[in-house]
Structure formats: C-alpha cells, structure tokens
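Keep the structure open beside you as you read.

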Amino acid sequence: MRRAWALVALVGAGLAVLTLLAAAAADQLDGHPAARVVLVLANAGSVWAGQAVLAGWLVRRAPAAALAGPVVGLLSLVTYYVLGALTGLTPWSGLADNLGWLVAAAVAGVPLGLVGALARRRDGLGVLARLVVPAGAVLEPLVRGWLDGGVGGGGALGGGVLGVAGLVLIVAGLAGGALVVRRRIVTSR
C-alpha cells in the first residue's frame with residue numbers, strides 16, 4: 001500500500017511540474033502556438049480529473065480511493081503554486097487566489113477516486129468506470145466550445161490553439177475508449 005501512495009504522490013507532483021514546465025515554455029517561446037497547445041492540454045480538466053481516477057486505481061480499495069482522489073488533486077495544485085511562486089512563474093498569492101480550484105479538487109476528487117477503484121472490476125461497471133476519462137477527454141473540447149474558434153481564432157481546422165488541443169483530446173479519448181472496449185481491458189482486483 002505504501003508503494004501505491006508513493007505513486008499517487010508522484011502522479012500529483014508530476015502533473016504539477018508538467019503544467020508548470022508547459023507554462024514556462026509558452027512564456028519563454030513568446031506564446032508559440034505549439035507551446036500554447038501543450039499548455040492547454042496540461043491544464044485540461046479531463047487530464048486533472050484523470051489523475052484522480054488514476055490515484056483511485058492505484059490504491060485499489062474504495063475507502064483509500066475516496067481519499068486518494070482529493071489528495072492527488074490537492075497535492076498537484078499546492079505543488080504547482082508553490083513551485084510556481086518559487087520560480088517566479090506564478091504569484092505568491094496563487095493558492096489564495098485559486099481557493100475555488102482547491103475546493104473543486106477536494107470535492108470532485110472523492111467520486112473520481114472511487115471511479116478509479118471501480119475501474120479494477122472485471123464486470124460491466126468496471127468497463128464503464130474505465131471509460132470515464134476517455135469520455136471526458138472527448139466531451140471537454142465539445143462542451144467548452146474549443147472547436148468553435150478557440151484562442152487564436154480559426155477553430156480546429158483553422159489551427160486555433162484551443163481547436164488543435166481539442167482535437168488532440170478527442171483523438172486521445174477515442175483511442176483510449178477504443179482500447180477499453182476493443183480489448184476489454186481486464187484489471188486485477
């Protein structure tokens with residue numbers, strides 16, 4: 001169980017560092033479109049929700065998963081804002097200014113962590129749980145209107161940053177969903 005919690009911590013810190021590096025790259029490259037696409041992907045809600053699902057999957061059992069989901073989200077946010085402040089990429093007030101995200105991570109992390117634990121099941125409920133993150137990746141750009149013009153204009157076909165990031169998420173979500181359905185991915189309990 002210690003190893004699972006160590007992996008949860010690694011996932012949380014890893015996403016924070018990845019997001020911070022993406023922000024730094026976008027800043028250093030003067031907003032280069034490719035760097036901005038990576039930044040949008042690193043900040044995607046489906047990615048941050050996916051880490052809570054992964055945390056629940058890592059710790060396996062429902063009570064631990066209900067704790068792991070919020071823990072990984074909170075760890076990511078605190079790590080992001082503290083490292084960001086230390087490096088000058090975010091203001092020291094970042095945590096206080098973003099209390100809403102901390103509350104969202106704490107509240108949404110519980111059911112998302114439980115979804116991760118359910119994803120280990122070998123029945124239809126397990127398959128549905130394994131489809132949550134791919135479905136989120138497909139739906140997020142559609143619901144948020146990323147393909148309608150996005151930052152930088154032109155939508156997905158015109159090369160807008162949000163449009164391109166949206167297409168990447170949709171393709172990744174469809175590929176992940178296809179893997180779950182086609183291979184009937186089975187995980188151990």
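## A look around the model

Of the 189 residues of this predicted protein, 41% count as buried, where buried means under 20% relative accessible area, exposed over 50%, and partly exposed in between (1.4 Å probe, protein chains only). Because the model is predicted, local features need pLDDT of at least 70 and side-chain atom pairs count only at pLDDT 80 or more, while totals for chains, interfaces and linings use all residues. Residues are numbered from 1 along each chain as its sequence is written, and side-chain values use heavy atoms, with hydrogens and water left out.

The protein has nine helices and zero strands; helices (H or I, at least four residues) and strands (E, at least two) are DSSP runs, numbered from the N terminus. With a radius of gyration of 17 Å, close to the 16 Å that the globule rule gives for 189 residues, the protein is as compact as a globular protein of that length. That radius is taken over C-alpha atoms, and the rule is 2.2 Å times the number of residues to the power 0.38. Along the principal axes, the C-alpha atoms fill a box of roughly 45 × 40 × 25 Å.

Contacts (heavy atoms within 4.5 Å) tell us about the fold too: of those with a separation of 6 or more, 66% are accounted for by residues 24 or more positions apart.

Now let's go inside. The largest nonpolar core has eleven residues, among them Ala4, Val8, Leu58, Val72 and Ala117. Such a core is a set of buried Ala, Val, Leu, Ile, Met, Phe, Trp, Tyr and Cys residues joined through side-chain atoms within 4.5 Å. Helices α1 (2–28), α3 and α4 (62–87) each give two or more residues to this core. In soluble globular proteins, nonpolar side chains tend to be buried together. Alanine 64, also one of the core residues, is in contact with Met1, Trp5 and Val59, leaving aside neighbours within four places in sequence.

Two residues make a friendly pair to look up:

| Residue | Place | Relative accessibility |

Not counting residues up to four places away in sequence, glutamine 51 touches Val11, Gly12, Leu15, Val72, Gly73 and Ser76. What is the phi of arginine 60? The phi of arginine 60 is near 75°, a positive value in a residue other than glycine. Most residues other than glycine have a negative phi.
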